[in-house]
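Colleague: I would like to learn how to read a few features of a model, taking one feature at a time.
Modeller: Then let us look at it together.

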Amino acid sequence: MKQLPQLTTDLKRPAMGVDPAFVQEVEHRPKATIVEADEIPIIDLSSLSSLDSLLDLPDAETDDSVGKVVAQIGDACQRWGFFQVINHGVSSEKLRRIDSVAREFFSLPLEAKKKVRRDEGNPMGYYESEHTKNVRDWKEVFDCSIRDSTVCLISLDDLRPQTLINRWPENPPELREACQDYGTEVEKLAFKLLELIALSLGLAADKLEGFFKDATSFIRLNHYPPCPSPDLALGVGRHKDGGALTVLVQDEVGGLQVRRKTDGEWISVKPTPGAFIINVGDIIQVWSNDKYESVEHRVMVNSQRDRFSIPFFFNPAHYVVVKPLPELVHERNPAKYKGYNWGEFFATRKGSNFKKLEVENVQISHFKLV
């Protein structure tokens, strides 16, 4: 596959090898030595894969097989903020199909992809110039909702909810169906994981589901082209996910790194065939009142191979006010955050993708109570 045309154009900088817009500060550049650990838990969901919901089990809260998985997930959320799941019930054929059409789409000429380019008025579609921490990412993406339209806030300049319509390209014609079929299945998995996380917090399995009645979730197709200076640039710079959960599938090339909580070391997540990588987002950190933590992660690139990944960002309705859950707050564990509106938070984060900011982008730390 050819290198991404727009990025290739931006690489005409012989002094550094890449346009300075892509260059990370020295302290954030990838290390020459990669630490790959087997510590990130792999959790087997085979005992639950036939269920659409734990609520289909009359005794879910006391079922031994559920209890074992709940304990594993709770431990992973506390120690890592990341875990992998296998035997998850998502069709391997639908995974293969969305991967195939994603590769076909990204192989198109840049001008063809730009016909569905997103903008500040509608963040769905193709984009090749995202920034993380004000540094340009070495990637191109395509975003879509699993439904034909999604209601959310787009800009803080206009707080009226807007209906976002997916932008589908002419080619490949199968992209729409592949994304929506895959999205329907991965959303079921996300709800099941949400129930397991609720149980791990000592809550009812369905405690969190109401927040997702009008979900603002979306799928992202990621393509990371070969980079001539992988020691200077990152596919995605260090960041934490702002939503509730991220359900990610990555190809065999790998590149995802997680910052280990115990020592701050960047740990590469070795690709596991057929597994999804799950990470806790900021919303669950706030809901849990810091029992679970949204952990920094980033994506490395390489000079030889294209890399592809597909995250599903599981997000609540735009009108949800995110704050510590009352069941988890008490005199010895007072609320650590004031409430914030998810739609406004999301709109602020999205806006930063179109321009460099003069100040730090919105973070949950801005809502921390002293």
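**Reading loops, helix packing and a pocket**

Modeller: Pro172 is placed in the loop between strand S9 (162–165) and H5, where helices (H or I, at least four residues) and strands (E, at least two) are DSSP runs numbered from the N terminus. This is a predicted model, in which local features need pLDDT of at least 70 and side-chain atom pairs count only at pLDDT 80 or more, while totals for chains, interfaces and linings use all residues. Residues are numbered from 1 along each chain as its sequence is written, and side-chain values use heavy atoms, with hydrogens and water left out.

Colleague: What kind of peptide bond joins Asn171 and Pro172?

Modeller: The bond between Asn171 and Pro172 is cis, with omega at about -5 degrees. Another backbone feature is found at Asn87, which has a positive phi of about 50 degrees although it is not a glycine, and which lies in the loop between strand S3 (82–86) and H3.

Colleague: How should I read the packing of H3 and helix H5?

Modeller: Two packed helices are described by the angle between their axes and the distance between the axes. Here the axes of H3 and H5 (residues 175–200) come within 9 Å and cross at roughly 140 degrees, the axes being lines fitted to C-alpha atoms over the stretch in contact, with angles from 0 to 180 degrees between N-to-C directions. That makes H3 oblique to H5, since angles under 35 degrees count as roughly parallel, over 145 as roughly antiparallel, 65 to 115 as roughly perpendicular and the rest as oblique. The residues of this contact (heavy atoms within 4.5 Å) divide into 8 nonpolar, no polar and 5 charged, where Ala, Val, Leu, Ile, Met, Phe, Trp, Tyr, Cys and Pro count as nonpolar, Asp, Glu, Lys and Arg as charged, and the others, Gly among them, as polar.

Colleague: At what angle do helix H2 and H5 cross?

Modeller: The axes of H2 (residues 64–79) and H5 cross at roughly 80 degrees and come within 8 Å, and the two helices are therefore roughly perpendicular to each other. The residues of their contact divide into 9 nonpolar, 2 polar and no charged. Among those in H2 are Val66 and Ile73, which belong to the set meeting residues of H5 that include Leu193 and Ile197.

Colleague: Which element gives the most to the lining of the second largest pocket?

Modeller: H3 does, with 5 residues. The lining has 19 residues, of which Leu95, Asp99, Val249, Gln250 and Asp251 lie nearest the pocket centre; by class, it has 8 nonpolar, 6 polar and 5 charged residues. A pocket is an open set of points on a 1 Å grid over the protein atoms alone, where a 1.4 Å probe fits, with protein on both sides within 12 Å along at least five of seven lines, and lining residues have an atom within 4 Å of a point.
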